[in-house]
Amino acid sequence: MRAKIESVLEHISHVQEKTRKMGLKLIDLGDPDLGINLIRKGLAHDRSKLHGIELEFLHPEYVKSKPEEFKLAWRQHVLTNDHHPEYHGGIKFMPPVCLAEMVADWAARSNEKDECLNDFINGPALEKFKFSKECEVYKGIMKYRDLITEKWN
């Protein structure tokens, strides 16, 4: 149980770091409302993972050993956390602050898995969430990605 909690807390910390960085840059760029709201959302990121079925079964160890329980926990998570496209009925319906938090979440997860965020965006994400490189959603994702990449350091 301790390892599970530490993993969740580490992920939340990574997302908070990224939403803080992105939020402060949005403030600097003249969008203080979005920046402040993003920082606020980052501070509350994934709290549901510390309760109920999510605490019990939303962990990679259960993907194969208890797939039904994991699936229910995942469904609970995406339908109660608005940084997931499923919460909104699709990625194209997400408000900017939720899209920005989602990108921070993806960036944190990519770092944690030592994977490339761009590869995820331009591969699995395009396919899973059914958007194209020509649409406004993609442009928004890339805008938020750029706010937390090294070119800003």
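This dialogue discusses how to read several features of a predicted model.

Trainee: How is a pair of aromatic rings described?

Mentor: A pair of aromatic rings is characterised by two quantities, the distance of the centres and the angle of the planes. In this predicted model, a search of the whole structure returns four aromatic pairs. In one of them, the ring centres of Phe-57 and Tyr-62 are 5.4 Å apart and the planes stand at 75 degrees, so the pair is edge-to-face. Phe-57 and Tyr-62 are both buried.

Trainee: Is the pair of Trp-106 and Phe-129 stacked or edge-to-face?

Mentor: The pair is stacked, because the planes of Trp-106 and Phe-129 are at 15 degrees, with the ring centres 5.9 Å apart. Planes under 30 degrees apart count as stacked.

Trainee: Which helices hold Trp-106 and Phe-129?

Mentor: Trp-106 belongs to helix α7 (residues 96-112) and Phe-129 to helix α8 (residues 117-129), so the pair ties together parts that are 23 residues apart in sequence. Trp-106 is buried, at 9% relative accessible area, and Phe-129 is likewise counted as buried, at 14%. Trp-106 and Phe-129 also form one aromatic cluster with Phe-120.

Trainee: How many disulfides does a search of the whole structure find?

Mentor: The search finds zero disulfides. The general idea is a distance test: two cysteine sulfur atoms must lie within 2.5 Å. For the sulfur of Cys-98, the closest cysteine sulfur is that of Cys-135, 17 Å away, which is too far for a bond.

Trainee: Are Cys-98 and Cys-135 buried or exposed?

Mentor: Cys-98 is buried, with a relative accessible area of 2%. Cys-135 is buried as well, with a value of 18%; the cut-off for buried is under 20%.

Trainee: Which residues of α2 are buried, and where do they lie around the axis?

Mentor: The buried residues of α2 are Leu-34, Gly-35, Leu-38, Lys-41 and Gly-42. They span an arc of only 130 degrees around the axis, which places them on the same side of α2. On the other side of α2, Asp-33 and Leu-43 are exposed. The cover over the buried residues of α2 includes α1 (2-28), α7 and α9 (136-147).

Trainee: With which residues is Arg-145 in contact, leaving aside its neighbours within four places in sequence?

Mentor: Arg-145 lies in helix α9 and is buried, with a relative accessible area of 14%. With neighbours within four places in sequence left aside, Arg-145 is in contact with Val-103, Leu-117, Asn-118 and Ile-121.

Trainee: Where is His-45 found, and what is its relative accessible area?

Mentor: His-45 is found in the loop between α2 and α3 (52-57). His-45 is buried, with a relative accessible area of 1%. Leaving aside neighbours within four places in sequence, the contacts of His-45 are His-11, Ile-12, Val-15, His-83, Glu-101 and Asp-105.

Trainee: Which side chain is joined to that of His-45 by a polar contact of 2.7 Å?

Mentor: The side chain of Glu-101 is joined to that of His-45 by this polar contact of 2.7 Å.

Definitions and conventions: Residues numbered from 1 in each chain as written. Predicted model: local features only at pLDDT ≥ 70, side-chain atom pairs only at ≥ 80, totals over all residues. Heavy atoms only, no water. Phe/Tyr/Trp six-rings, centres within 6.5 Å; stacked < 30°, edge-to-face > 60°. Buried < 20%, exposed > 50% of the residue type's maximum accessible area, 1.4 Å probe, protein only. Helix = DSSP H or I, 4+ residues; strand = E, 2+ residues; numbered from the N terminus. Arc of directions from axis to C-beta. Contact = heavy atoms within 4.5 Å. Polar contact = N/O pair within 3.5 Å; in protein donor to acceptor, adjacent residues only side chain to side chain.
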